[in-house]
2 protein chains.
Amino acid sequence: MNEYYNSAYKPLLAIDCVIFGYEDGELKVLLTRRKQEPYKGAWGLATGFLHFGESLDYAAERVLKKQTGLDRIYMDQLSTYGEVDRDPVARVISLVYYSLIKVESQNEEILEKNQAQWFSITALPKLMFDHETMIQMSWGKLRRKSRYQPIGFELLPEKFTLPELQSLYEAIHQKQFDKRNFRKKILATGLLKKLDEKQKGVSKKGAYYYVFEEGKYDELISQGFNFELKSMAFGS
Amino acid sequence: MNEYYNSAYKPLLAIDCVIFGYEDGELKVLLTRRKQEPYKGAWGLATGFLHFGESLDYAAERVLKKQTGLDRIYMDQLSTYGEVDRDPVARVISLVYYSLIKVESQNEEILEKNQAQWFSITALPKLMFDHETMIQMSWGKLRRKSRYQPIGFELLPEKFTLPELQSLYEAIHQKQFDKRNFRKKILATGLLKKLDEKQKGVSKKGAYYYVFEEGKYDELISQGFNFELKSMAFGS
DNA sequence: TCAAAAGTGTTACTACTACACCCATGG
DNA sequence: CCATGGGTGTAGTAGTAACACTTTTGA
């Protein structure tokens, strides 16, 4: 380590995680209460500082694991925020990840321990610092990405019905889709396998369960494909 | 500043800039030689550490200005790279920006002073650290973005001809487009104003100059629009 | 038997692709 | 006058949007 490196200013580097879930027909975000003064108790994203010897992705996984108890969840870097006064206490550069989890696999106890709570994306509380912006940007990225990649499935249980999938997309895009066109488009990708089992308890007729076929997806992604309904376009 | 902040690990934070230009029908990247040991003289991106009291965008502008002598150039954050050993000397987190400049407005002296040189994107030299990846990712983002936003214009002089614009898009996408379809699509956006002036010296007939109408663009962007040719799709 | 949600096909329209010839000018 | 690159239109095709009725079954 020489002069060039030694003389440089070293900021704090935080990892903030926008955690999306889908429940009761709504797109939700997992928020938590700040544990430190000042602003103790304010709602915000799951957060943590980068540790020595950790890669960025690893740090994000650690923060996610601590907040949700879950491993191996879908996660992607959004952007890095570094306005000088974004954190009023100290200069903190914040690297934002967004992640998609299956709410049903959530552990209630861990939520309580972390003072964490799910909020509908359309009814967020007042948030600390620039966390509101981070969430809105993540939502935008989710919208755009869901048009080209079947990431929506990350938010649903392993087995899901087409009406559920459609509601999820409607929650993400805040837009209604035509049932027939949606099914046609989704099934045309060949990514879904229909099971012989019907959902019980939701409707009288019962909708067939489907599963997402990861294998087929990998084939398609390498060729490049389009998962988009034109009608989804550009609310983004 | 309290214990929570004080105890945290503080990494170095570098800003690396991928600078794109367009010249002689080729998409190019501005590279520079490393000034410090080790690896002194190795080709790499324009880089600098974040300074105390600077926002990230400001730091990127500073690095760009130093490298090119230019102000107010198109610039966007790509991503942040933080593998533990990406810089073999010290732990450096690297925030990558990519930018688009008009090569003609470049100052030759500054290039020489910085030992900087333009390289065709298809013939890059061996690069230090993970800079090759950063360039490839930036190129991907440029490809994708150029399908939805008319950012290509940032790479051309104020006045340009449609054949020039088409060659630029062909260089970005490494794909040939049909002349008629390209013109139709581009002109249909209503973003270009045809001038009464013809280009001289390139072809005998001479192609009409066009200018990009920023005002109209702002109208369109707020509604959301699609700048894409399907044929551009998914080489990305 | 009826209420409530699931499932299904066709037509019109729009947007993209493919394609070949004439035009203007400088040398 | 001819070689070179600039400019133009149309027909076929594919994909998207719009739209309404039948099916199943639990209460």
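Biologist: Which residue of chain A comes closest to the rotation axis?

Modeller: In general, two copies of a chain are related by a rotation about an axis and a shift along it. In this predicted model, the residue of chain A that comes closest to the axis is K10(A), whose C-alpha lies at 2.8 Å. The contact surface is the same one in both copies, since 100% of the contact residues of chain A recur in chain B.

Biologist: What rotation and what shift superpose chain A on chain B?

Modeller: The rotation is 179 degrees and the shift along its axis is 0.0 Å, with an RMSD of 0.1 Å for the superposition of chain A on chain B. That is the relation of a two-fold axis.

Biologist: How many residues does each chain give to the contact, and what area is buried between chain A and chain B?

Modeller: Chain A gives 46 residues and chain B gives 46 residues, while the buried area is about 3700 Å², with 63% of that area coming from carbon and sulfur atoms. Twelve residue pairs are in polar contact between chain A and chain B, counting pairs in which both residues are at pLDDT 80 or more, and the side of chain A that touches chain B is made up of 24 nonpolar, 13 polar and nine charged residues. The count of salt bridges between the two chains is zero.

Biologist: Which element gives the largest share of the side of chain A that touches chain B?

Modeller: Strand 5 of chain A does, with four residues. Among the elements that give two or more residues to that side are also helix 1 (3–6), strand 1 (12–23) and helix 4 (131–148) of chain A.

Biologist: How should I read the strand order 8-10-9 in chain A?

Modeller: Strands of a sheet pair through backbone hydrogen bonds, either parallel or antiparallel. Here the order 8-10-9 describes an open sheet of three strands in chain A, with antiparallel pairing. Strand 8 (160–161) and strand 9 (192–198) of chain A stand at the edges, each with a single partner strand, so one side of each has no neighbour in the sheet. Strand 8 of chain A pairs with strand 10 (residues 208–212) of chain A over two bridges, and T161(A) has Y209(A) as its bridge partner in strand 10.

Biologist: Where in chain A is P38(A) found, and is its peptide bond with E37(A) cis or trans?

Modeller: P38(A) is found in the loop between strand 2 (26–33) and strand 3 (43–44) of chain A, and the bond joining E37(A) and P38(A) is cis, with omega about -10 degrees. In chain B, the peptide bond from E37(B) to P38(B) is likewise cis, with omega near -10 degrees. The loop between strand 2 and strand 3 of chain A also holds Y39(A), a residue other than glycine whose phi is positive, near 65 degrees.

Note on methods: Residues numbered from 1 in each chain as written. Chains lettered and ligands numbered in written order. Predicted model: local features only at pLDDT ≥ 70, side-chain atom pairs only at ≥ 80, totals over all residues. Heavy atoms only, no water. Least-squares fit on C-alpha atoms with pLDDT ≥ 70 in both. Contact = heavy atoms within 4.5 Å. Buried area = accessible area lost by both parts, 1.4 Å probe. Salt bridge = Lys/Arg side-chain N within 4 Å of Asp/Glu carboxyl O. Polar contact = N/O pair within 3.5 Å; in protein donor to acceptor, adjacent residues only side chain to side chain. Nonpolar A, V, L, I, M, F, W, Y, C, P; charged D, E, K, R; others polar. Pairing = 2+ DSSP bridges.
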